[in-house]
Amino acid sequence: MSFKEKLVIIPTYNESENISRMIGKVMSLEGNFHLLIVDDGSPDGTASIVKEKQKEYPDRLFMIERSGKLGLGTAYITGFKWALANGYKYVFEMDADFSHNPDDLINLYNACVNGADLAIGSRYVNGVNVVNWPIGRVLMSYFASKYVRMVTGMKVMDTTAGFKCYKAEVLKAINFDKIKHIGYGFQIEMKFTVWKLGFNIVEVPIIFTDRKFGASKMSGGIFNEALWGVVNMKLKSIFVSYKKLHASN
């Protein structure tokens with residue numbers, strides 16, 4: 001097994017209440033997970049906490065510090081490029097706030113080992129598995145995914161999910177310069193691109209639990225941007241040929 005096999009990417013902005021516990025939890029998992037924090041200039045000292053934890057895990061915990069809030073999508077793409085440059089085989093996305101259970105990283109990894117090119121931690125593949133969200137937000141999220149399926153034709157139940165594992169070959173095949181969404185629409189656009197490129201997408205059931213500490217980054221504006229962006233993305237896809245980069249790899 002490659003020493004640099006599994007990398008978890010977590011973007012952060014003001015996650016000082018969560019990040020130390022999250023690092024400790026990921027580091028405790030079986031399977032030698034590595035962790036990359038992409039911090040967007042958090043004024044609450046998140047980066048300082050990560051630096052202290054790096055003394056404890058110098059070979060497994062890494063951080064990229066950026067100057068300010070540059071968007072979720074650009075944070076992940078920065079992380080993807082770092083992961084590929086450093087030779088990781090499996091690359092994960094996860095939130096810092098424990099809404100995604102770190103124990104499920106193992107299930108996502110196993111799904112990719114067993115044939116998935118992209119494994120999605122899905123709230124909706126087996127009913128609705130969301131804890132502590134107001135019913136209005138649950139309905140908004142659920143019907144947003146239904147809307148995205150209708151517009152795009154993707155057979156993915158949780159189209160806005162942000163808990164995922166990619167095989168490196170998938171990320172190598174994507175032209176990141178063509179990924180235009182930087183907010184929550186990024187999650188939809190990445191899945192759509194992976195689907196259009198013909199990769200195998202598998203949904204793994206998870207239970208999503210709303211954060212206990214810190215503030216959510218979701219807003220109505222971000223959500224509306226993502227939904228309108230789906231229509232534009234679908235229309236453009238009619239006139240674009242999706243081809244894999246590095247197809248011979």
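Analyst: In this predicted model, Leu 235, Ile 238, Phe 239 and Val 240 make a nonpolar surface patch of about 440 Å². One of these residues, Ile 238, lies in helix α8, which covers residues 220-238. Ile 238 has a relative accessible area of 55% and therefore counts as exposed, the cut-off for that class being over 50%.

The sheet may be described next. Its 7 strands form an open arrangement with mixed pairing, in the order β3-β2-β1-β4-β7-β5-β8. At the edges stand β3 and β8 (201-205), each of which pairs on one side only. Neighbouring strands of this sheet are turned against each other by 20 degrees on average, direction ignored. Strands of a sheet pair through backbone hydrogen bonds, and the pairing may be parallel or antiparallel.

The parallel case is shown by strand β2 (residues 34-39) and strand β3 (residues 61-65), which are joined by 5 bridges. Within this pair, Leu 36 stands opposite Phe 62 in β3. Together with helix α2 (residues 46-56), β2 and β3 make a β-α-β unit that is right-handed.

The antiparallel case is shown by strand β4 (residues 90-93) and strand β7 (residues 164-167), which pair over 4 bridges. Here Tyr 90 stands opposite Lys 167 in β7.

Conventions:
Residues numbered from 1 in each chain as written. Predicted model: local features only at pLDDT ≥ 70, side-chain atom pairs only at ≥ 80, totals over all residues. Heavy atoms only, no water. Patch = residues over 30% accessible without salt bridge, like charges linked within 9 Å, V, L, I, M, F, W, Y side chains within 5 Å. Areas by Shrake-Rupley, 256 points an atom, 1.4 Å probe, with all protein chains shown as cover. Salt bridge = Lys/Arg side-chain N within 4 Å of Asp/Glu carboxyl O. Helix = DSSP H or I, 4+ residues; strand = E, 2+ residues; numbered from the N terminus. Buried < 20%, exposed > 50% of the residue type's maximum accessible area, 1.4 Å probe, protein only. Pairing = 2+ DSSP bridges. Right-handed = clockwise from strand over helix to strand, strands pointing away. Axes fitted to C-alpha atoms, helices over the stretch in contact; angles between N-to-C directions.
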